[in-house]
Amino acid sequence: MEKAIQLKVRKDLDARQHHTILKLKGSLISKGYTEIIHILDQDEEFHINTFETASEKRNEVQQYIAAFIDQENLLEAISIK
């Protein structure tokens, strides 16, 4: 069974943050966690990025994203919803 993961991403990113978040999304795809990431507006401040992943990979993916956010100092720019 597939499980959705949602990321809440600020719209007002600086160039470094934007590039780093694109790097995160690319790595999620290249590692085989998902094939596509859907982007929707939440409001004036945030986008919601949603993607499906296999149930057995859900915790692994969430840990990977959390570590990436921490390592790249993106705590104010992106969060797991």
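## Stop 1: helix α1

Select α1, which has 16 residues and reaches 22 Å from its first C-alpha to its last, close to the 22 Å expected at 1.5 Å a residue. This is a predicted model, and α1 has the highest mean pLDDT among the elements of the chain, at 97. Strand β1 (residues 2-10) has the lowest, at 89.

Now colour the buried residues of α1: Q17, T20, I21, L24, K25, S27 and L28. Look down the axis of the helix. These buried residues fall within an arc of 160°, so they line one face of α1. Turn to the face that points away from the buried side, and you find the exposed residues A15, H19 and S30.

## Stop 2: the whole chain

Zoom out and show the chain as a cartoon. How many helices and strands are there in the chain? There are two helices and four strands. Follow them from the N terminus, and the order is β-α-β-β-α-β.

The C-alpha atoms of the chain fill a box of roughly 35 × 25 × 20 Å, taken along the principal axes. With 81 residues, a compact globule would have a radius of gyration near 12 Å, and the chain agrees, with 12 Å. Of the 81 residues, 33% count as buried.

Colour by confidence next. The mean pLDDT of the chain is 94, and 98% of its residues reach 70 or more.

## Stop 3

Select K31, which lies in the loop between α1 and β2. K31 is partly exposed, with a relative accessible area of 45%.

Move on to Y33, which lies in the loop between α1 and β2. Is Y33 buried or exposed? At 8% relative accessibility, Y33 counts as buried, because the cut-off for buried is under 20%. Draw a distance from Y33 to K3 as well: the two are 30 residues apart along the chain, and their C-alpha atoms are separated by 11 Å.

## Stop 4: the aromatic rings

Keep Y33 selected and show the side chains of Y64 and F68. Y33, Y64 and F68 form one aromatic cluster. A pair of aromatic rings is described by the distance of the centres and the angle of the planes.

How many aromatic pairs does the count come to? The count comes to two. One of them is Y33 with Y64, a tilted pair with 6.0 Å from centre to centre and 50° between the planes. Y33 lies in the loop between α1 (15-30) and β2 (38-41), and Y64 in helix α2 (residues 58-71), so the pair ties together parts that are 31 residues apart in sequence. Y64 counts as partly exposed, at 22% relative accessibility.

Next, look at Y64 with F68. The ring centres are 6.3 Å apart and the planes are at 40°, so this pair is tilted. Y64 and F68 are four residues apart in helix α2, a separation of about one helical turn. F68 is buried, with a relative accessible area of 8%.

## Stop 5: helix α2

Select the rest of α2. At 1.5 Å a residue, the 14 residues of α2 should span 20 Å, and the end C-alpha atoms are 20 Å apart, which agrees.

Which residues of α2 are buried? They are V61, I65, F68 and I69. These residues cover an arc of only 100° around the axis, which puts them on the same side of α2.

Step past the end of the helix to N73. This residue follows α2, and its phi is positive, near 55°.

## Stop 6: a charge over a ring

The charged end of K8 sits over the ring of F46, at 4.4 Å from the ring centre.

Conventions. Residues are numbered from 1 along each chain as its sequence is written. This is a predicted model: local features need pLDDT of at least 70, side-chain atom pairs count only at pLDDT 80 or more; totals for chains, interfaces and linings use all residues. Side-chain values use heavy atoms; hydrogens and water are left out. Rings of Phe, Tyr and Trp (its six-membered ring) pair if their centres lie within 6.5 Å; planes under 30 degrees apart count as stacked, over 60 as edge-to-face and the rest as tilted. Buried means under 20% relative accessible area, exposed over 50%, partly exposed in between (1.4 Å probe, protein chains only). A charge sits over a ring if NZ of Lys or CZ of Arg is within 6 Å of the ring centre and within 35 degrees of the ring normal. The expected span of a helix is 1.5 Å times one less than its number of residues. The arc is that of the directions from the helix axis to the C-beta atoms. pLDDT is the predictor's confidence in each residue, from 0 to 100. The radius of gyration is taken over C-alpha atoms; the globule rule is 2.2 Å times the number of residues to the power 0.38.
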